[in-house]
Amino acid sequence: MLFFSRVQQVADPRGRCNRKGLLGVAIALLSMQALALAAWYMTASPPMHILAGVVKIGCVWIAASAAIKRLHDLGLSGWWLPVSFMVLLIWSVIASFFSLLAFGPAVLTYNSFEFMIYASAVMIWPVAGTLWLHFAKGDEGHNRYGAPPDAMEDGAKTDVALKPGAAVA
């Protein structure tokens, strides 16, 4: 029962997540995807393709929820996540267009030098954004998304219990 409660808590995009929490979610997701990939390679049966798809959808949802919570910890709206995906999509189209103009069809050859330049140009922004989410310091104290994650008991989305005689800020 505790496992399902924890999964529900992690999958809920409301609240805040500090750097340590985001790292924990990232490690758990990478481990789960590695296990799913290993199971898929060992069996290579069509039902495993469906299971791998379900696992991938769940991982994307939990990763997005963790990123939204991390944005909340930084005092930013979760809407920055879909906005950043749209900007990345537009940037990818622009980079594709100029890469094709500069390098020609060679840019479409996987593992070619031109392809590596193109892939690096496209991936620089997601890598930079991910590093920023992992290393940026969150807001200290309460913000409009709740109490700091360290102050929450067991990560629950409840207000911090005040000690007797403590003043409310």
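The stops that follow move from the overall fold to individual side chains.

**Before selecting anything**

The model is predicted, so local features require a pLDDT of at least 70 and side-chain atom pairs a pLDDT of 80 or more, whereas totals for chains, interfaces and linings use all residues. Residues are numbered from 1 along each chain as its sequence is written, and side-chain values rest on heavy atoms, with hydrogens and water left out.

**Stop 1: the whole chain**

The chain has 5 helices and 0 strands, and along the sequence the pattern reads α-α-α-α-α. Of the 169 residues in the chain, 25% are buried. Buried denotes a relative accessible area under 20%, exposed one over 50%, and partly exposed the range in between, using a 1.4 Å probe and protein chains only. Among contacts (heavy atoms within 4.5 Å) between residues at least 6 apart in sequence, 73% join residues at least 24 apart.

**Stop 2: the nonpolar core**

Next, select L22, V25, L29, I62, L81 and L133. These residues touch the most other members of the largest nonpolar core, which has 17 residues. The elements that contribute two or more residues to this core are α2 (19–43) and α3 (46–73), and the largest share, 7 residues, comes from α3. A nonpolar core is a set of buried Ala, Val, Leu, Ile, Met, Phe, Trp, Tyr and Cys residues joined through side-chain atoms within 4.5 Å.

Keep I62 in view and show its surroundings. Apart from neighbours within four places in sequence, I62 is in contact with V10, A11, V25 and L29.

**Stop 3: the cysteines C17 and C59**

Select C17 and C59. C17 counts as buried because its relative accessibility is 9%; C59 is likewise buried, at 2%. The structure holds 0 disulfides (pairs of cysteine sulfur atoms within 2.5 Å).

**Stop 4: R16 and its surroundings**

Move to R16, in the loop between α1 (2–11) and α2. With a relative accessible area of 7%, R16 is buried. Which residues does R16 touch, not counting those up to four places away in sequence? They are K69, H72, D73, D139, G141, H142, N143, Y145, G146, A147, P148 and P149.

Display polar contacts, defined as pairs of N or O atoms within 3.5 Å; within protein, one atom must be able to donate a hydrogen and the other to accept it, and residues adjacent in sequence count only if both atoms are side-chain atoms. The R16 side chain reaches the backbone oxygen of D139 at 2.7 Å and that of G141 at 2.9 Å.

R16 and D73 form a salt bridge whose closest N and O atoms are 2.7 Å apart. This pair links distant parts of the chain, with R16 in the loop between α1 and α2 and D73 in helix α3, 57 residues away. Both partners, R16 and D73, are buried.

**Stop 5**

The structure holds 4 salt bridges, each a side-chain nitrogen of Lys or Arg within 4 Å of a carboxyl oxygen of Asp or Glu. Select D12 and R14, whose closest N and O atoms are 2.9 Å apart. D12 is buried at 12% relative accessible area, whereas R14 is exposed at 58%. Then select E140 and K137, bridged at 2.5 Å between the closest N and O atoms. E140 counts as exposed at 64%, and K137 counts as exposed at 54%.

**Stop 6**

Select N111, in the loop between α4 (80–103) and α5 (113–135). N111 has a positive phi of about 70° although it is not a glycine, and it is exposed, with a relative accessible area of 51%.

Finally, select Y110, F115 and Y118, which form one aromatic cluster. The whole structure contains 3 aromatic pairs. The ring centres of F115 and Y118 lie 6.3 Å apart and their planes meet at 55°, so this pair is tilted. F115 and Y118 are 3 residues apart in helix α5, and therefore separated by about one helical turn. Rings of Phe, Tyr and Trp (its six-membered ring) pair if their centres lie within 6.5 Å; planes under 30 degrees apart count as stacked, over 60 as edge-to-face and the rest as tilted.

Terms used:
Helix = DSSP H or I, 4+ residues; strand = E, 2+ residues; numbered from the N terminus.
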